[in-house]
Amino acid sequence: MTATKEIPYKIYLEEHEMPKQWYNVRADMKNKPAPLLDPKTKKPMSAEELEKVFCKEMVKQELDDTTPYIDIPQEIRDFYKMYRPAPLVRAYCLEEKLQTPAKIYYKHEGNNTSGSHKLNSAIAQAFYAKQQGLKGVTTETGAGQWGTALAMACSYFELDCNVYMVKCSYEQKPHRREVMRTYGATVTPSPSMTTEIGKQINEQFPGTTGSLGCAISEAVESATGKEGYRYTLGSVLSQVLLHQTIVGLETKAALDKYDITPDIVIGCAGGGSNLGGLISPFAGEMLRGEKDYQLIAVEPASCPTLTRGKFAYDYCDTGKVCPLQKMYTLGSGFIPSSTHAGGLRYHGMSSIVSQLYHDGIMEARSVEQTEVFAAAVEFAKVEGILPAPESSHAIKVAIDEALKCKETGEEKTIVFCLTGTGYFDMYAYERFNNGEMGDYIPTEEELAHGFASLPEIK
Ligand SMILES: *Cc1c(COP(=O)(O)O)cnc(C)c1O
């Protein structure tokens with residue numbers, strides 16, 4: 001490799017260059033995401049109704065689709081400064097390994113104990129709950145990153161934190177559970193016997209290892225049944241995506257600092273928060289007719305929400321207690337195969353991401369988990385970071401695109417979000433290393449089963 005490169009290996013922003021406002025891409029969308037509906041009456045939900053579930057400021061942000069920039073409170077900015085601005089890293093070694101003329105950059109969001117971008121929203125949600133004078137919050141966690149992030153944020157603001165953790169993760173990831181407990185959170189495996197919905201699900205599906213949708217129902221039930229508690233969600237909602245725009249805004253600021261214009265921006269998509277946060281500023285430019293980019297969402301072939309799902313109103317949870325959201329979905333009755341270890345198992349998708357996809361601003365691809373882990377290992381070997389399986393979906397497509405450039409000779413600039421590190425995913429890596437990992441693609445029948453659970457909205 002040549003010694004003199006104009007562009008540093010890592011582009012760090014100065015502290016004062018960290019964004020002071022989040023960007024609300026809905027303000028620039030002609031087709032706004034459809035309103036949230038009450039799961040019982042199927043009528044649009046008022047702020048008042050939503051405030052029974054979520055804290056006030058979060059409801060305000062959820063319903064605001066016109067204000068383009070929203071101030072980040074100083075308390076949140078102070079916390080952000082502990083691990084932000086996050087570096088934008090040029091993957092020189094990966095480029096070298098691939099022998100590609102493409103330039104690859106990744107935004108490294110794994111630089112904190114929670115190991116992912118989820119802390120960006122956790123700290124905001126904990127702050128607003130504290131500001132409202134609440135005692136605590138409840139939530140669900142699948143892989144464990146969100147629960148960890150929320151536990152960290154709650155301990156910072158001295159709030160009680162109750163986490164319902166999907167049972168298979170609870171068992172597979174005892175260390176993740178212990179990090180949450182270290183930060184003072186109470187962790188309950190879901191489905192549990194502590195809520196009505198948990199009891200029902202346990203009865204209906206004995207021995208079930210749980211799902212995110214089910215854990216959400218338990219967390220909501222537990223929050224709404226307790227004085228001084230509200231529910232928090234780590235993805236899918238527009239307020240969460242809003243907080244994650246810090247990722248995209250910093251990425252854009254770092255690129256602008258060196259006059260770099262990306263051609264392709266890639267994010268992995270579970271509930272759509274990191275992807276939406278990453279692409280928002282770029283999508284905004286496209287929506288305003290200023291620039292054009294190729295924006296790509298990457299999802300697992302075993303949970304193909306965007307690539308094979310339907311754009312429809314659906315429940316966000318198995319227990320059907322959360323508001324209905326219009327989104328790409330596989331149906332709340334869809335439970336991905338238990339052989340799937342790569343994360344991103346959620347049946348639905350952010351309504352903002354869904355609308356952008358529907359309107360052709362963004363494209364989507366699905367990838368199989370063994371090729372994702374192969375990409376993860378390739379990246380880990382040359383870039384020195386063990387990526388989270390979720391993030392590795394984006395790595396896989398970044399590599400694919402870089403290899404295309406090798407064939408065509410195009411010097412495209414590719415940016416992706418490395419959403420987190422994979423130290424707590426060694427069970428999945430172990431299966432991959434042992435050659436025991438398989439690929440799973442749901443059949444049309446299995447998908448039809450999930451679609452059958454979609455509600456009818458007139
Ligand atoms: C939660 C998580 C994701 C997926 O969530 P999104 O809301 O789709 O961003 C991706 N990567 C990591 C490391 C995560 O923890």
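Biologist: Which backbone oxygen does the side chain of Gln 325 reach?
Modeller: The side chain of Gln 325 reaches the backbone oxygen of Met 349, at 3.3 Å. Keep in mind that this is a predicted model.

Biologist: And where is Gln 325 in the fold?
Modeller: Gln 325 is in strand β13, which covers residues 324–329.

Biologist: Buried or exposed?
Modeller: Gln 325 counts as buried, because its relative accessibility is 1% and the cut-off for buried is under 20%.

Biologist: Back up a bit. How many helices and strands are in the protein?
Modeller: The protein has 18 helices and 15 strands.

Biologist: What does the radius of gyration say about the overall form?
Modeller: For 458 residues, a compact globule would have a radius of gyration near 23 Å, and the protein has 20 Å, which agrees. The C-alpha trace spans about 65 × 50 × 45 Å along its principal axes.

Biologist: How much of the protein is buried?
Modeller: Buried residues make up 62% of the 458 residues.

Biologist: Now the ligand. Which residues are closest to it?
Modeller: The closest are Lys 118, Ser 235, Gly 270, Asn 274 and Thr 419, out of 17 residues that surround the ligand.

Biologist: What sort of residues make up that shell?
Modeller: Four are nonpolar, eleven are polar and two are charged.

Biologist: Which polar atoms lie by the ligand's oxygen atoms?
Modeller: A polar side-chain atom of Ser 273 is 2.7 Å from a ligand oxygen. A polar backbone atom of Gly 270 is 2.7 Å from an oxygen atom of the ligand. For His 117, a polar side-chain atom lies 3.1 Å from a ligand oxygen.

Biologist: And how much of the ligand does the protein bury?
Modeller: The protein buries 94% of the 380 Å² that the ligand exposes when taken alone.

Biologist: What about Pro 191?
Modeller: A cis peptide bond joins Ser 190 to Pro 191, with omega about 5°. Pro 191 is in the loop between β8 (186–190) and α9 (196–204).

Biologist: What is phi at Glu 158?
Modeller: Glu 158 has a positive phi of about 55°, although it is not a glycine. Its place is the loop between α6 (145–157) and β7 (160–166). At 68% relative accessibility, Glu 158 counts as exposed, since exposed means over 50%.

Biologist: And Val 236, what is its phi?
Modeller: Val 236 has phi near 65°, again a positive value in a residue other than glycine. Val 236 is in the loop between β9 (229–231) and α11 (238–257). With 5% relative accessibility, Val 236 counts as buried.

Biologist: Last topic, pairs separated in sequence. How far is Ala 376 from Ile 395?
Modeller: Their C-alpha atoms are separated by 6.9 Å, and the two are 19 residues apart along the chain. Ala 376 is in helix α15, residues 369–383. It is buried, with a relative accessible area of 0%.

Biologist: How far apart are Lys 130 and Leu 159?
Modeller: They are 29 residues apart in sequence and 7.1 Å apart in space, C-alpha to C-alpha. Lys 130 sits in helix α5, residues 119–131. With a relative accessible area of 37%, Lys 130 is partly exposed.

Technical notes:
Residues are numbered from 1 along each chain as its sequence is written. This is a predicted model: local features need pLDDT of at least 70, side-chain atom pairs count only at pLDDT 80 or more; totals for chains, interfaces and linings use all residues. Side-chain values use heavy atoms; hydrogens and water are left out. A residue is near a molecule or strand if one of its heavy atoms lies within 4 Å of it. A polar contact is a pair of N or O atoms within 3.5 Å; within protein, one must be able to donate a hydrogen and the other to accept it, and residues adjacent in sequence count only if both atoms are side-chain atoms. Accessible areas come from the Shrake-Rupley method with a 1.4 Å probe; for residues, only the protein chains shown count as cover. Ala, Val, Leu, Ile, Met, Phe, Trp, Tyr, Cys and Pro count as nonpolar, Asp, Glu, Lys and Arg as charged, and the others, Gly among them, as polar. Helices (H or I, at least four residues) and strands (E, at least two) are DSSP runs, numbered from the N terminus. The radius of gyration is taken over C-alpha atoms; the globule rule is 2.2 Å times the number of residues to the power 0.38. Buried means under 20% relative accessible area, exposed over 50%, partly exposed in between (1.4 Å probe, protein chains only).
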